[in-house]
Amino acid sequence: MVKDWDVPGASIGIVQDGQLIFTGNFGTKTVGKNEKPDEHTLYAIASNSKAFTSAVLAMLVQEGKLNWNDRVKDYLPYFSLFYDPWISAHVTIRDLLSHRVGLGTFSGDVIWYKNEGSAEDFIKRAGKMPQAFDFRGGYGYSNLMYVAAGEIIRTITGKTWGENVQERILHPLGMDRTITTAKDLDKKGNYVTAHGREEAKNFPIEFEDWESIAATGGLISSVSDVAKWMIFNMNHGIIGQDTLISSSNRNLMWTMHNVNMVDHTQPNDLGRHFSGYGLGWNMGDFHGKFMVGHTGGYDGMITAVTMIPEEKLGVVVLTNGHQSPIMAATYYAFDQFLGTGNKDWSADLLKRSLANQANDTRIEDIKKARVLNTKTSVPSSQFIGAYSSDIYGIIEVKEENGALRIYFEDAPRLNASLKHWHYDTYEIIWDEKHAWFNFGTLQFILNNKLEVTGMDFNVPNDDIFFEELKPVKINP
């Protein structure tokens with residue numbers, strides 16, 4: 001699978017009946033180097049961290065420090081959504097954790113991406129995002145709401161999310177390789193390099209530090225440590241003689257709070273009958289057996305943690321590239337253990353993945369529509385100035401050495417040069433390579449007096465939505 005998918009490296013672990021019974025480590029930690037990972041090698045597990053957030057909150061519920069149905073504003077008075085006082089006042093902790101507040105999937109991730117601001121800043125800015133569906137009326141996967149959950153933990157305990165996870169979960173479970181900030185990578189050693197992908201080739205990128213948004217995806221862990229986490233969960237919150245999560249809270253977290261539609265008119269590969277989201281966990285079934293887990297997407301790494309609790313069977317797949325066979329490996333392992341088939345999941349899912357990539361013509365369409373030998377409507381000097389985005393802050397356009405440059409407040413790693421594309425549109429030439437996007441343009445917006453009033457971004461990707469910024473020029 002690693003070879004066929006051209007992912008730099010992968011580490012896989014299989015747990016059964018309370019034991020880590022298999023580990024497989026393939027490829028390399030870094031492209032171009034012969035450095036094989038092992039079961040202790042660290043990878044960012046990203047959104048697999050969300051279940052740790054719900055677990056900490058469950059412990060606080062058990063300690064009588066909060067209730068699942070408490071309103072977020074009782075802990076974060078500045079919390080708001082959609083300029084709607086009623087919704088803002090009624091969002092509960094369960095709403096945050098089950099992606100049902102009304103935000104669209106990944107909406108607002110551009111607020112925190114590579115931004116040096118604080119979690120509180122991000123939550124305040126999230127309040128100005130547009131509503132995608134009715135409150136509690138749909139599913140919109142929201143990283144920002146988990147950032148808010150992390151701030152609730154900090155407000156109640158006086159300690160950071162990372163400190164709580166360390167004291168309440170990592171230490172009791174003996175997850176001594178797992179860290180909550182990339183700043184500790186060199187202390188631990190033995191970690192992979194993250195890789196982006198461009199023109200069918202992997203390239204190394206920096207390890208991101210998600211400490212400020214750790215509640216939504218900040219953990220860095222290994223196969224060996226994640227195995228301990230799976231065993232703990234399949235033992236329903238009990239470690240040794242200690243019950244860290246009560247049976248009622250285990251059941252609540254593994255109850256669907258948000259239900260996804262399953263097409264019952266067609267057969268499906270998993271024999272799936274239901275699908276939904278609990279509190280930090282995805283849920284469904286695999287050929288009639290309850291299946292619970294999550295995936296994680298991080299700059300240059302894709303991971304999955306999946307369990308079939310009634311079989312005491314769990315699979316963790318950690319990879320350090322963006323074209324990743326996480327679910328192919330997971331389903332193949334389940335088939336072998338459960339006798340549910342011998343499907344070539346790798347070939348099937350790779351074919352689908354490549355087809356999806358081929359069908360994504362967004363960048364190609366922009367390039368085809370380019371009109372050569374055009375000029376801007378006004379002198380480019382009129383594009384210079386400060387622009388304000390309600391959800392972001394200040395974005396500046398400056399002229400340096402006869403060319404335009406763009407600067408993002410609090411996110412200097414997004415700074416870029418601007419190269420004329422056509423008419424009033426410029427190509428964005430990023431100062432550094434990014435994992436989720438590469439090509440992009442921005443169009444300067446003019447009114448009927450030919451005054452520059454703002455700009456629109458077009459950066460095709462499925463995760464970081466620059467088009468949400470909509471900056472308006474200050475004093476056009």
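## The second largest pocket

How many nonpolar, polar and charged residues are in the lining of the second largest pocket? In this predicted model, that lining has six nonpolar, two polar and eight charged residues.

The second largest pocket has a volume of about 310 Å³. Its lining is made up of 16 residues. Those nearest the centre of the pocket are Lys 114, Asn 115, Glu 208, Asp 209 and Arg 413.

## The cavity

Rolling a probe the size of a water molecule over the atoms shows where empty space is left. The count comes to one cavity of 30 Å³ or more. The largest cavity has a volume of about 40 Å³.

The residues that line the largest cavity are Ala 44, Ala 182, Glu 208, Asp 209, Trp 210, Gly 217, Gly 218, Leu 219, Ile 220 and Tyr 298. By class, six of these are nonpolar, two are polar and two are charged. Glu 208 and Asp 209 belong to the lining of the largest cavity, and they are also among the residues nearest the centre of the second largest pocket.

## Helix H7

Helix H7 covers residues 143-157. At 1.5 Å a residue, its 15 residues should span 21 Å, and this agrees with the 22 Å that separates its end C-alpha atoms.

Is H7 largely enclosed by the rest of the structure, or largely exposed? Eleven of its 15 residues are buried, and therefore H7 is largely enclosed. The buried residues are Asn 143, Leu 144, Met 145, Tyr 146, Val 147, Ala 148, Ala 149, Gly 150, Glu 151, Ile 152 and Ile 153. After H7 comes Gly 158, which has a positive phi, near 75°.

How values were computed
Residues numbered from 1 in each chain as written. Predicted model: local features only at pLDDT ≥ 70, side-chain atom pairs only at ≥ 80, totals over all residues. Heavy atoms only, no water. 1 Å grid on protein atoms, 1.4 Å probe; cavity = no way out; pocket = protein on both sides within 12 Å on 5 of 7 lines; lining within 4 Å. Points joined across faces, edges and corners; volume = space filled by probe spheres on them. Nonpolar A, V, L, I, M, F, W, Y, C, P; charged D, E, K, R; others polar. Helix = DSSP H or I, 4+ residues; strand = E, 2+ residues; numbered from the N terminus. Expected span 1.5 Å × (residues − 1). Buried < 20%, exposed > 50% of the residue type's maximum accessible area, 1.4 Å probe, protein only.
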